[in-house]
Amino acid sequence: MKYFLLTIWFGFLLHSAPLAQAEEMRLAVTTSFHNSGLSKLLLPKIKRDTGIDVHLLVVGTGQALKLGRAGDVDAILVHSRLAEDAFIADGFAPYRREIMYNDFVLVGPETDPANIQNATSAAQAFERIWKTKSPFVSRGDNSGTHLKEMALWASMSSDTSSFTPDWYRAAGAGMGATLNTASAMNAYVMSDRASWLKFANKGALKLHYSGDPVLFNQYAYLPVSDDKHPHVQGAVARKLENWLVGSVAQNLIGNYTINGQHLFTPNGQ
Amino acid sequence: MNDLWRGLSEAVRLIVSLDAALIEIVLRSLQVTVSAVLIASLIGLPLGALIAVNRFRFRRATIALLNALMGLPPVVVGLIVYILLSRSGPFGVLGLLFTPTAMIIAQVIIITPLIASIAHQAIRDLWAEYHDLLISLNTTKRQRMATLIWDSRRSLLTASLAGFGRAIGEVGAIMIVGGNIDHVTRVLTTAIALETGKGDFGLALGLGFILIALAIVINLTIHTISQTERGGRW
Amino acid sequence: MVSDLLPVTAKGAVVRKGGKTILGPIDLAISGKGTTIVMGPNGSGKTTLLRLLHGLDRARDGSVSWNGAREDAHAAQAFIFQTPKMMRRSVLDNIAYPLRVRGASRKQARIKAEDWATRIGLGDALNRDAQALSGGERQKLALARALVTEPAILFLDEPTTNLDGGSTREIEDILSQALDTGTRLIMATHDIGQARRLADEVIFIHRGTMSAHQRATAFFEAPASQSAAAYLRGDIVE
């Protein structure tokens, strides 16, 4: 009986081992991209048109870059220009290819205590939150969103010593977990539009500010250098890249909506 | 409270509709965890017997270390396994990162000390009972260990089930080394973390209830099987 | 076979536990056939003497030697404990265990074990959990498990102390059958009646030392020590 069960078990193990025939590649993407639901739309189309099985690793930009540097993924799709340039300068990717952009939004308590609703710029909205010391939850995880937020604080040349935990909370977590935290604390938070629209636990939070071009968020595709990491699936990664900037993908991205709102603007060339 | 009800109804809906995605991740959870428990038992049970039966120089230190390792933080294990299996790490050429095998390795490291430690206690007690008899019967060390393992198999089953309990509910390590890739390394716990991240507490809780139910069913099944055995010819 | 192993000789043998001397120094030699009864009040050191001879306890000073290598001697012995140690197995597998340890196949071991189980009257209980047996059944099982290897020498540590008359008689019957096949018995008891029934020679232990070692008839007529005489009279011997 025991041997019989063991045999079945190992048969099961073998059966469930991944098939080697199909082309596979690993792509590290940011949570904001994945949370938008766009990947659900694109992956089957990629499989249909190119035959590639894309294994998505959903992480922050910081970790995505790290995975690329270690050669643990074949390409990355991220949104942090400065970090991308450093990545290329260090030789881990030959170039970056712009695919699309979306934008960040400022979300906060229904009553909008800092009155950012009629701010004239993103910088002004941030300044009002800082002046009123209204509770604000930050990703705090070195992700693209976090880096963007830091850049915005820096642009108003605020005194960093006044970022005390009584109002400024660094969650050290992904977008979803950070939104959950903000929802529970009824605090302001900066999110990409897709994550916010898809987020199911909004509580009393409302979108109060968006639209400043400075909040635009460019996504770029970086194939990991196969000079640096010879085992990387360079050819497959290039195949996917060409598909992403092609007309099929660009149309899919441009026409993707949640609750009737367009999320991404395709700009791949 | 509302979320709890939504979670329960979500769990019922998923089970009743035999949701294909759910079945896939449940099977993968079982595949990873049962494999890890089998391997960890193959290492941990003889290790526990070895420590119980043999006197050697660092025996006390080994026991203390084993007990300390029981509380090993899974995230740290995950990180270490990740670094070892990364393409830039020493075992990178094996290409194991982000595969179920990597998840099994991490879980084996997490639960082997637990299984070995519980096994050691059970076998030590039985050894106290059997000591004179086995010495008198002129048994070799191997025979003693084999006898003690076989005769304390019921307690050892509990040790393995404790390992199973810890492994099936573990998320920190397998998230890091598995990567939570859909259709490849997504299991119940990482799916729960993902849905929580999306703020979909209903689905996350539903999966959570299914995880708990799974653990209970497995435990009851194993206990029932070993109970039937006892009624028969043991 | 017996003549191969005996005499067993103790020379100035001392057993200490936790810094206390609990037996010795003992000088003695056991040889010949039949039954040696070790007598003495509770706590006098009977059990320790048996364990010392069998090799379960080590002599801190002095020595115990058999006629031949210690390993060979040990392999030809069996030991019955006062509280029988039941393995967590069926009656059949308990009796088969010593044969399995000696390399017999499972099938052979079971056939022989079944034969012994029937001989001691546990033929109907082959598949019962040994730990569910009564006190008398347990001691009979322990006897079968000891005799199944056909030991040259069988040590028994007060095997009937906790048993009723019927069980005691059954055990003594099995022992006399073993004697008939040439097994040498060395048995501790503080039951004077049992000693009279079984003994060919008697060793009397008092306060950890041997105060008498005589043929049985001589011992019961004229014990060689005052403590033994007092013990036989029924006095309290401390």
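Colleague: How far apart are the nearest C-alpha atoms of chain A and chain C?

Modeller: Keep in mind that this is a predicted model. Chain A and chain C do not touch. Their nearest C-alpha atoms are separated by 19 Å.

Colleague: Which chains have the most contacts between them?

Modeller: Two pairs of chains touch. Chain A with chain C is not a touching pair. The pair with the most contacts is chains A and B.

Colleague: And chain C against chain B: which three residues of chain C supply more of the area it buries there than any other three?

Modeller: That contact draws 21 residues from chain C and 20 residues from chain B. About 2,000 Å² is buried between the two chains, with carbon and sulfur atoms giving 50% of that. On the chain C side, 31% of the buried area is supplied by R88(C), Y97(C) and V101(C).

Colleague: Moving inside chain C, which strands stand at the edges of the open sheet?

Modeller: Three strands make up that sheet, in the order β2-β1-β4, and the pairing is antiparallel. From one strand to the next, the twist averages 25 degrees. Each edge strand has a single partner, so one side of it is left without a neighbour in the sheet; these strands are β2 (20-30) and β4 (61-65) of chain C.

Colleague: What angle does helix α2 of chain C make with β2(C)?

Modeller: Helix α2 covers residues 46-54 of chain C and lies across β1, β2 and β4 of that chain. Relative to β2(C), the helix runs at about 60 degrees.

Colleague: Over in chain A, are α3(A) and α11(A) roughly parallel or roughly antiparallel?

Modeller: Helix α3 (residues 38-50) and helix α11 (residues 247-255) of chain A pack with their axes 11 Å apart, at an angle of about 160 degrees. The cut-off is that angles over 145 count as roughly antiparallel. The two helices, α3(A) and α11(A), are therefore roughly antiparallel.

Colleague: How many charged residues are in the contact of α3(A) with α11(A)?

Modeller: α3(A) passes α11(A) in a right-handed crossing. From α3(A) come L38(A), L41(A), L42(A), K45(A), R48(A) and D49(A), while α11(A) brings V248(A), L252(A) and I253(A). By class, the contact of α3(A) with α11(A) has six nonpolar residues, no polar ones, and charged residues numbering three.

Technical notes:
Residues are numbered from 1 along each chain as its sequence is written. Chains are lettered from A and ligands numbered from 1 in the order in which they are written. This is a predicted model: local features need pLDDT of at least 70, side-chain atom pairs count only at pLDDT 80 or more; totals for chains, interfaces and linings use all residues. Side-chain values use heavy atoms; hydrogens and water are left out. Axes are lines fitted to C-alpha atoms, for helices over the stretch in contact, and angles run from 0 to 180 degrees between N-to-C directions. Helices (H or I, at least four residues) and strands (E, at least two) are DSSP runs, numbered from the N terminus. Angles under 35 degrees count as roughly parallel, over 145 as roughly antiparallel, 65 to 115 as roughly perpendicular and the rest as oblique. A crossing is left-handed if the near helix is turned anticlockwise from the far one by less than a right angle, and right-handed if clockwise. Contact means heavy atoms within 4.5 Å. Ala, Val, Leu, Ile, Met, Phe, Trp, Tyr, Cys and Pro count as nonpolar, Asp, Glu, Lys and Arg as charged, and the others, Gly among them, as polar. Two strands pair if DSSP finds at least two bridges between them. Buried area is the accessible area (1.4 Å probe) that two parts lose on being put together, summed over both.
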